[in-house]
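This report concerns selected residues of a protein model. Please consult the sequence and the structure while reading.

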Amino acid sequence: MAEGVSSANIVGYVTYTTQANKMDIYGAPFVNVGGEDINIQSVQLGAGADASGQDVIMFFDPNTQTYGIYYWMPLTYSADWSQSFGAGWADSNWVRQDVTINPGQGFWLQTKAAVTVTVPGQVIAANQNTTTT
């Protein structure tokens, strides 16, 4: 480490490897760099990802008691279809979704082929890592 240089955060990533056609549960152990919650678009699929909408990520919403279901698409669009984006998570209409993944929140992931999944982020500092009951 260079003398007099320090970092205000610890960044990293976790990589998971999915099983083809299996529903697996994973988690987001980080916050986004800068301290914000991670966005669903931060969950990146590696080589072998299916760009026809057959790779699926699901989050349980305890308020509605339902699952939000999103699909990995080769292109995603704004809600009014006036903008196109690259590959990412979208609803069944190819509309890009910006869903928050809270630190420690789990999600279901099913991929057509075995792929690597990378979730980048910042480690939660001990003084910020609290649980309320």
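The model is predicted: local features require pLDDT of at least 70 and side-chain atom pairs pLDDT 80 or more, whereas totals for chains, interfaces and linings use all residues. Numbering starts from 1 along each chain as its sequence is written, and side-chain values use heavy atoms, with hydrogens and water left out.

Gln-41 sits in the loop between strand E3 (38–39) and strand E4 (44–45); strands are DSSP runs of at least two E residues, numbered from the N terminus. The side chain of Gln-41 reaches the backbone oxygen of Trp-89 at 2.8 Å. Apart from neighbours within four places in sequence, Gln-41 has contacts (heavy atoms within 4.5 Å) with Gly-88, Trp-89, Arg-96, Gln-97 and Asp-98.

Relative accessible area is classed as buried under 20%, exposed over 50% and partly exposed in between (1.4 Å probe, protein chains only).

| Residue | Relative accessible area | Class |
|---|---|---|
| Gln-41 | 9% | buried |
| Tyr-67 | 41% | partly exposed |
| Trp-81 | 47% | partly exposed |
| Trp-94 | 30% | partly exposed |

Tyr-67 belongs to strand E6 (residues 66–73). Together with Phe-60 and Ile-69, Tyr-67 forms a nonpolar surface patch with about 270 Å² of accessible area (Shrake-Rupley method, 1.4 Å probe; patch residues have over 30% relative accessible area and no salt bridge, with nonpolar side chains joined within 5 Å).

Trp-81 lies in the loop between strand E7 (76–77) and strand E8 (84–85), and its phi is positive, near 65 degrees. Trp-94, in the loop between strand E9 (88–90) and strand E10 (100–101), has a positive phi of about 70 degrees although it is not a glycine.

Conventions
Helix = DSSP H or I, 4+ residues; strand = E, 2+ residues; numbered from the N terminus. Polar contact = N/O pair within 3.5 Å; in protein donor to acceptor, adjacent residues only side chain to side chain. Patch = residues over 30% accessible without salt bridge, like charges linked within 9 Å, V, L, I, M, F, W, Y side chains within 5 Å. Salt bridge = Lys/Arg side-chain N within 4 Å of Asp/Glu carboxyl O.
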